[in-house]
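Q: I have a model open beside its sequence, and I would like to learn how to read it feature by feature. Could we go through it together?

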Amino acid sequence: MANSKVYGLTIGYDVAGPAAKTPDDPPPLMFLHGWCGDRQSFAEQMAAFKDSHRCIAPDLPGHGQSIKTRIDHGITFLAEVMVGLIKELRLFPPVLVGHSMGGPVAIEMMRQAPDLVRAAVLIDPAMMIHNTPVADPMQRALDAMERDGVKPTFERMIDRSLAAAPEEAALRDWLMESSRRVPGQVAITAWRGMLDWSGPQALGAVAGTGKPLAIINGPNPLNERSAILHRAPNLQWATTLGGGHHPHLTRPGQVNAMLASFLNDEMRGDPA
């Protein structure tokens with residue numbers, strides 16, 4: 001593990017693979033984990049792509065071994081710090097790969113700094129355009145976190161949905177352990193940030209740049225396909241066979257194959 005100072009904040013990250021020396025080399029990959037997760041979320045993808053790409057998996061601010069602060073950890077703030085990490089590491093524009101909350105963070109990074117990001121693949125991203133069947137339970141979960149605390153609320157969420165499938169049950173201990181390293185204030189403000197983020201505007205702005213975008217969903221996406229494609233008509237949309245909300249962990253072979261296909265097309269300049 002390495003760490004860097006970004007705007008005075010210590011950001012921990014794993015790094016592997018050859019550094020790109022020219023813009024024509026395979027682009028770096030920056031992996032952005034989800035809410036209350038950490039950089040270990042993308043261990044399978046780091047292993048799969050480190051021979052061909054520079055791979056960077058940071059702990060988002062307030063998560064894992066990155067610095068803990070009492071700043072509100074909304075999507076805009078998380079994205080700003082991750083853009084700062086790209087600058088600090090002097091990366092050629094990376095392809096962002098964001099899971100769950102990391103999906104909105106990736107889109108916001110592209111909105112903030114389009115010249116510093118090459119493309120993005122979102123893995124079962126958190127809600128980006130208001131969707132009542134998703135937004136209402138998220139608001140109830142936020143209310144429960146503020147009333148009962150993050151740990152018991154998250155444990156109920158895992159038992160009810162995140163680890164409901166047999167193959168996801170093995171994730172439970174890791175999910176709970178990673179969440180324990182996230183202060184309650186960070187967890188609550190990050191969750192609230194997902195609800196408050198201006199996703200439609202950000203997605204529309206990013207789609208307008210023409211940069212390649214893709215979503216790899218689990219079987220029950222948190223976003224409505226028609227609403228997303230209305231804002232980003234050239235976005236590639238795919239779904240894994242099984243895998244729940246963490247398909248990059250429970251179906252890594254499928255996700256890695258889709259990611260490799262996207263990268264090959266993007267390097268050739270094929271249209272989405």
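This is a predicted model: local features need pLDDT of at least 70, side-chain atom pairs count only at pLDDT 80 or more; totals for chains, interfaces and linings use all residues.

Q: Which residues of helix 2 are buried, and what covers them?

A: The general idea is that a residue counts as buried when its relative accessible area is under 20%. In helix 2 the buried residues are Ile-75, Phe-77, Leu-78, Ala-79, Val-81, Met-82, Val-83, Gly-84, Leu-85 and Ile-86. What covers these residues includes strand 1, strand 2, strand 3 (29-32) and strand 4, together with helix 3 (102-112) and helix 8 (184-196).

Q: What happens to the backbone just after helix 2?

A: Just after helix 2, Arg-90 takes a positive phi of about 55°.

Q: Is Pro-94 buried or exposed, and which residues does it touch?

A: Pro-94 has a relative accessible area of 0%, and it is therefore classed as buried. Leaving out residues up to four places away in sequence, Pro-94 touches Pro-28, Met-30, Ile-86, Leu-116, Val-117, Arg-118 and Ala-119. Pro-28 is 66 residues from Pro-94 in sequence, yet the two C-alpha atoms are 4.6 Å apart in space.

Q: How should I read the nonpolar core, and which residues touch the most other members?

A: In soluble globular proteins, nonpolar side chains tend to be buried together. Here the largest nonpolar core has 65 residues, and Trp-35 and Met-109 touch the most other members. Helix 2 (residues 75-89) gives the most to this core, contributing nine residues. There is also a second, separate core of 18 residues, which includes Phe-42, Val-97, Ile-216 and Leu-263.

Q: Which residues are in contact with Trp-35?

A: Setting aside its neighbours within four places in sequence, Trp-35 is in contact with His-63, Met-101, Met-145, Val-150, Phe-154, Ala-187, Ala-190, Trp-191 and Met-194.

Q: Where does His-63 lie, and is it buried or exposed?

A: His-63 is placed in the loop between strand 4 (55-58) and helix 2, and because its relative accessibility is 0%, it counts as buried. Not counting residues up to four places away in sequence, His-63 touches His-33, Gly-34, Trp-35, Cys-36, Gly-37, Lys-68, Met-101, Val-182 and Val-186.

Q: How does helix 4 read when I take it in the manner of a helix description, from span to buried residues?

A: Helix 4 (residues 132-148) has 17 residues and reaches 24 Å from its first C-alpha to its last, close to the 24 Å expected at 1.5 Å a residue. Its buried residues are Val-134, Ala-135, Met-138, Ala-141, Leu-142, Ala-144 and Met-145. Just after helix 4, Gly-149 takes a positive phi of about 105°.

Q: Where are Tyr-7 and Asp-124, and are they buried or exposed?

A: Tyr-7 is found in the loop between strand 1 (2-6) and strand 2 (9-16), and its phi is near 50°, a positive value in a residue other than glycine. With a relative accessible area of 52%, Tyr-7 is exposed. Asp-124 sits in the loop between strand 6 (119-123) and helix 4, and it has a positive phi of about 40° although it is not a glycine. Asp-124 has 2% relative accessibility, so it counts as buried.

Q: Which residues does Pro-221 touch?

A: Not counting residues up to four places away in sequence, Pro-221 touches Asp-124 and Trp-237. Pro-221 belongs to the loop between strand 7 (213-217) and helix 10 (225-231), and at 29% relative accessibility it counts as partly exposed. The C-alpha atoms of Pro-221 and Ala-126 are separated by 8.8 Å, although these residues are 95 apart along the chain.

Terms used
Residues are numbered from 1 along each chain as its sequence is written. Side-chain values use heavy atoms; hydrogens and water are left out. Helices (H or I, at least four residues) and strands (E, at least two) are DSSP runs, numbered from the N terminus. The expected span of a helix is 1.5 Å times one less than its number of residues. Buried means under 20% relative accessible area, exposed over 50%, partly exposed in between (1.4 Å probe, protein chains only). A nonpolar core is a set of buried Ala, Val, Leu, Ile, Met, Phe, Trp, Tyr and Cys residues joined through side-chain atoms within 4.5 Å. Contact means heavy atoms within 4.5 Å.
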